[in-house]
Amino acid sequence: MATTQATFQELKHAGLDEVDPEIARLLGDELERQRGQIELIASENFTWPAVFEAVGSVATNKYAEGYPGRRYYGGCEVIDEIEQLAIDRAKELFGAEHANVQPHAGAQTNMAVYAAVMEPGDTLMALALNQGGHLTHGHKVNFSGRLYRVAHYEVSRDTMTVDYEDVLAKAKEARPKVIVCGGSAYPRTVEADRFRAIADEVGALLLCDMAHFAGLVAASLHPNPVEHCDFVTSTTHKTLAGPRAGFILCREEHAKAVDSAVMPGMQGGPLEHTIAAKATCFRIAMTDAFREYQAQIRRNADSLAETLLEGGFSLVTGKAAEERLHQIDVTVNRNTIPFDERSPFVTSGIRLGSPAMTMRGFDEDDFREVGRIICAALTESPDLDALRDRVAALCAKHPLYEGFRGYTTYVA
């Protein structure tokens, strides 16, 4: 179809490949890229086909500013049911008193919590970005570091884990309004109960950012921070394997402030098609199959770690490792490590995650092979062609989205 000459009626019944063949081709190219690479980026995952359907649904047509039963638009009776399902399922899944499922992404979840209980200039305390924290945990280039005074804590040089005595000492000095636990590259258990004790001692509110381990919490494989925290924020697209979005859990006493901070504080109309997909994500997360998936993530991560340790794993720089692995179709991202002497553009480390390839069907033996491939790739003179063949063999063993072409097909 020549789109420029197409009639209104033709466009109403045309699919993506007819209206925009360039985008259709590129989506197909992206699908083939995903199929042909070992995906180890910790913040990415492969979602369920059911989530694709919900995201591509008619709910995208509906404006629904406000909340269920309190909208600024008519015709929201079905949308109200969809959003309320997502709210109820999030509360049930994590044992929360209140849930807001409208934030578009993880950054917005933290922004909303800060806005709900802090004024510009108040003090925020969180793990520093170069220690495993997140950009929204007070980095100077982010809104969080520009709007609030920030007191960062670090990990111990000896154990590379949070030093709670140091956190307490810094909290007593800084007297923060909000303390954040959790991070973006902190591969340890987040002990929310110990942070709770510190927060209580200095009169602070406690926020846990569980974006990277929410799926493990849902499967009871990581301590649930909800019981210890005033607020818990998360994305739905990492270990939860849902749509690219976020949500907030909090105690009932903060519900009104959080809801107001999200809308009208920082967002207008919610993305109800994505909220429908969140509801589906939460439903799947309540199943035994999901819990087994999360258990396999843990087993696979253990296998990968053991193999890398056995291989004497070390890096010249994270950037060099990322680029070398990209050459053999292994996707990772470079990452600073605690007390890194290199810049964030180079880094000394890489960040690895097992959720995506576990979703694809990889088991412990497959991840041991992945570990061996990584170790071999980072030697001085690797046989890149041979390593690419080993990657291709693993990918062929576990096909991704068979019968799918990268986007949902509309049938008139």
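**Aromatic pairs and a helix contact**

Phe 46, Phe 52, Tyr 401 and Phe 404 form one aromatic cluster. The model is predicted. The count of aromatic pairs comes to 14.

**Phe 247 and Phe 282**
- The ring centres of Phe 247 and Phe 282 lie 5.2 Å apart.
- Their planes stand at 80°, so the pair is edge-to-face.
- Phe 247 sits in strand β10 (residues 246–250), and Phe 282 in helix α12 (residues 272–285).
- The two are 35 residues apart, and the pair links distant parts of the chain.
- Both Phe 247 and Phe 282 are buried.

**Tyr 401 and Phe 404**
- Tyr 401 and Phe 404, members of the aromatic cluster, have ring centres 6.0 Å apart.
- Their planes meet at 70°, which is over 60, so this pair is edge-to-face.
- Tyr 401 has a relative accessible area of 14%, so it is buried.
- Phe 404 is partly exposed, because its relative accessible area is 23%.

**Helices α6 and α11**
- Two packed helices are described by the angle between their axes and the distance between the axes.
- Helix α6 covers residues 106–117, and helix α11 covers residues 255–262.
- They pack at an angle of about 120°, with axes 8 Å apart.
- The two helices are therefore oblique to each other.
- The crossing of α6 and α11 is right-handed.
- On the α6 side, the contact is made by Ala 112, Ala 115 and Ala 116.
- On the α11 side, Ala 257, Val 258, Ala 261 and Val 262 take part.
- The contact residues divide into 7 nonpolar, no polar and no charged.

Notes:
Residues are numbered from 1 along each chain as its sequence is written. This is a predicted model: local features need pLDDT of at least 70, side-chain atom pairs count only at pLDDT 80 or more; totals for chains, interfaces and linings use all residues. Side-chain values use heavy atoms; hydrogens and water are left out. Axes are lines fitted to C-alpha atoms, for helices over the stretch in contact, and angles run from 0 to 180 degrees between N-to-C directions. Helices (H or I, at least four residues) and strands (E, at least two) are DSSP runs, numbered from the N terminus. Angles under 35 degrees count as roughly parallel, over 145 as roughly antiparallel, 65 to 115 as roughly perpendicular and the rest as oblique. A crossing is left-handed if the near helix is turned anticlockwise from the far one by less than a right angle, and right-handed if clockwise. Contact means heavy atoms within 4.5 Å. Ala, Val, Leu, Ile, Met, Phe, Trp, Tyr, Cys and Pro count as nonpolar, Asp, Glu, Lys and Arg as charged, and the others, Gly among them, as polar. Rings of Phe, Tyr and Trp (its six-membered ring) pair if their centres lie within 6.5 Å; planes under 30 degrees apart count as stacked, over 60 as edge-to-face and the rest as tilted. Buried means under 20% relative accessible area, exposed over 50%, partly exposed in between (1.4 Å probe, protein chains only).
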